[in-house]
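Here are my notes on this model. Please read them with the structure open.

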2 protein chains.
Amino acid sequence: MLTGMPGALTVAIWGVGLIGGSLGLGWRAATATGDLLGQAAWPDGVGTLRILGVDRADVLSRAVARGAIDAGVSPEEAIAQAQVHVLAAPVGAILDLAEQIGPRLPPGTVVTDVGSTKVEITARWEARLAPRAAFVGGHPLFGREVSGIEAADPALAQGARWFLTPGARATESALALVEGLVRLLGARPIRTTPAEHDAAMAVISHLPQAVASALAASLAGDSALGWAGRGFRDATRLAASPAEIWLDIFRTNRRPLLAALDSFRERLDHLRRAIQEGDEAAIAGLFAQAQEAVRRAGN
Amino acid sequence: MLTGMPGALTVAIWGVGLIGGSLGLGWRAATATGDLLGQAAWPDGVGTLRILGVDRADVLSRAVARGAIDAGVSPEEAIAQAQVHVLAAPVGAILDLAEQIGPRLPPGTVVTDVGSTKVEITARWEARLAPRAAFVGGHPLFGREVSGIEAADPALAQGARWFLTPGARATESALALVEGLVRLLGARPIRTTPAEHDAAMAVISHLPQAVASALAASLAGDSALGWAGRGFRDATRLAASPAEIWLDIFRTNRRPLLAALDSFRERLDHLRRAIQEGDEAAIAGLFAQAQEAVRRAGN
């Protein structure tokens, strides 16, 4: 199984931007001592990690210069050399990679990803994955307003939640291996199912994004924007996110998101009616519900 | 006109909580040198300010101990002694004060307030105000998550926008006097009309509050709240605000707020339809509008 550098577990990161670059920097920092033998989850004989990157040539040379990867390689080289593939790409690209590399992976290979939705990615990879390879879906909850390898940071995953959503093609040893890699970054793995993950993200992440974008869009062109203060900026901060990422997320988590939007609209209509009718008990009741929710969310 | 301490302009702050206390601390700090003679807006002979507070007895003694006011007084003493009244109370209390003290103010008295809506307050005060007294509505854009005299801070108004909305009962000299007091705190006075102010606040403040509260309320009881991250917390931060304040604001700015809610709902329904139908051009278009709005709002 172990090819390439003797005693090294070879990890290929597909997409070496902010996320992939931060993972590479974090793993290289964690393994700088060369002493990984204490990690029970590694295959026998593993003493360190070798980090490969797959991306555009200019990105790869900047990633090598930043120390985020040991070497940039072609997809074919990554498939031949890596025991673990980490797909650090947008959801749409992760789905495409299932077609492009899924069937070609050698037996024993472990694939994980960082995509923001899990049901559709897991189904696609399970359908396309070569025999005796394993897929363990993942979703780290970290990020930044900025993107690109230049913004990568070895400490970005430190303390972050990292969902792992093993399905039918995840073996116990593959899951343990991925958990070991997550822990090596100081992140906190949380096991759940793809469906539970997507339902939770619909309400705590995808709904707030849709609401913040609609809120900001409803004020486009309003001259009062120049007077906006901190409250408005907090409520609409998410609306600065790039559309490309969200098109993928909305497309691959449609049904849970529509349900969350309908539940929100029901509360909004309730509040609107209460304001119109001067029903102060109803307004106060909704505020109390809201305060309880933000308290539970750690605000 | 000048009664009380010779050479002092006497200012009565009605409500010595976070806002009123911060104003008192700020004015006392700014006048500690006793040299206000350079302020062209003061009546002849004014060399300093004397700050009175009107509130519950226990609040007044804590305000004196904190140095926010020179003395706590009764409403009758404030009416008799102060040339300027600053109503640092919730909107509903400011409306009630129009009935209670408006008709009893001596000629030459100047009244201003810090209420979050201006049309209804201005109309009520203009109707009830004694002859030859002046009313200049105001709304400083500062605040904190905390309340009470203990949280007061002399620098809270520093750099903040402070709307002044003179109407039919505002004289030029009264407006200049209030502007002078605002500038003394390091705040930036902005002149507008009550109606323009309320329309602007409906979209940049009252709508985001209603949306944040409805968003948080729609998740009440959802077990996914425990996984909420920074994005959710930003989008719902406003929902922690106390209902009491917002009942007043919603009641006194109903029509502009309902119009803002309808415009938001139109955008939200547009986005929901686009998500349901997979209309990615429509989603991307709305995101572009939203990004432009948050950029203009200074995000």
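Which helices cover the buried residues of α10(B)? Point 2 takes this up; the model is a predicted one throughout.

1. **The helix itself.** Helix α10 of chain B runs over residues 254-277, 24 residues in total. From first C-alpha to last, the helix reaches 34 Å. That is close to the 34 Å expected at 1.5 Å a residue. After α10(B) comes B:G278, with a positive phi near 65°.

2. **What covers it.** Both chains contribute. From chain A, the cover of the buried residues of α10(B) includes α7 (194-217), α9 (243-252) and α10 (254-277). From chain B, it includes α7 (194-218), α9 (243-252) and α11 (280-296).

3. **What is buried.** The buried residues of α10(B) include B:L257, B:L258, B:A260, B:L261, B:F264, B:L268, B:L271, B:A274 and B:I275. B:R267, B:D269 and B:R272 are also on that list. An α-helix has 3.6 residues a turn, so residues three or four places apart point the same way.

4. **The cores.** The largest nonpolar core holds 133 residues. Within this core, A:W125, A:F264, B:W125 and B:F264 touch the most other members. B:F264 is also one of the buried residues of α10(B). A second, separate core has 45 residues, among them B:A134, B:A157, B:A160 and B:L184. In soluble globular proteins, nonpolar side chains tend to be buried together.

5. **Around B:W125.** Set aside neighbours within four places in sequence. B:W125 is then in contact with B:L87, B:I94, B:L97, B:A98, B:I101, B:G102, B:L105, B:V111 and B:F135.

6. **How the copies are related.** Chain B superposes on chain A by a rotation of 180° with 0.0 Å of shift along the axis. The RMSD is 0.1 Å. The two copies are thus related as by a two-fold rotation axis. In chain B, the C-alpha nearest that axis belongs to B:A235, at 2.1 Å. Of the interface residues of chain B, 100% are also interface residues in chain A, so the copies meet through the same surface.

7. **A backbone point to check.** Most residues other than glycine have a negative phi. A:R132 has a positive phi, near 65°, and is not glycine. A:R132 sits in the loop between α5 (119-128) and β6 (134-140) of chain A. In chain B, B:R132 has a positive phi of about 65°, and lies in the loop between α5 (119-128) and β6 (134-140). Buried or exposed, A:R132? At 69% relative accessibility, A:R132 counts as exposed. B:R132, at 68%, counts as exposed too.

Notes:
Residues are numbered from 1 along each chain as its sequence is written. Chains are lettered from A and ligands numbered from 1 in the order in which they are written. This is a predicted model: local features need pLDDT of at least 70, side-chain atom pairs count only at pLDDT 80 or more; totals for chains, interfaces and linings use all residues. Side-chain values use heavy atoms; hydrogens and water are left out. A nonpolar core is a set of buried Ala, Val, Leu, Ile, Met, Phe, Trp, Tyr and Cys residues joined through side-chain atoms within 4.5 Å. Buried means under 20% relative accessible area, exposed over 50%, partly exposed in between (1.4 Å probe, protein chains only). Contact means heavy atoms within 4.5 Å. Helices (H or I, at least four residues) and strands (E, at least two) are DSSP runs, numbered from the N terminus. Copies are superposed by least squares on the C-alpha atoms of residues with pLDDT of at least 70 in both. The expected span of a helix is 1.5 Å times one less than its number of residues.
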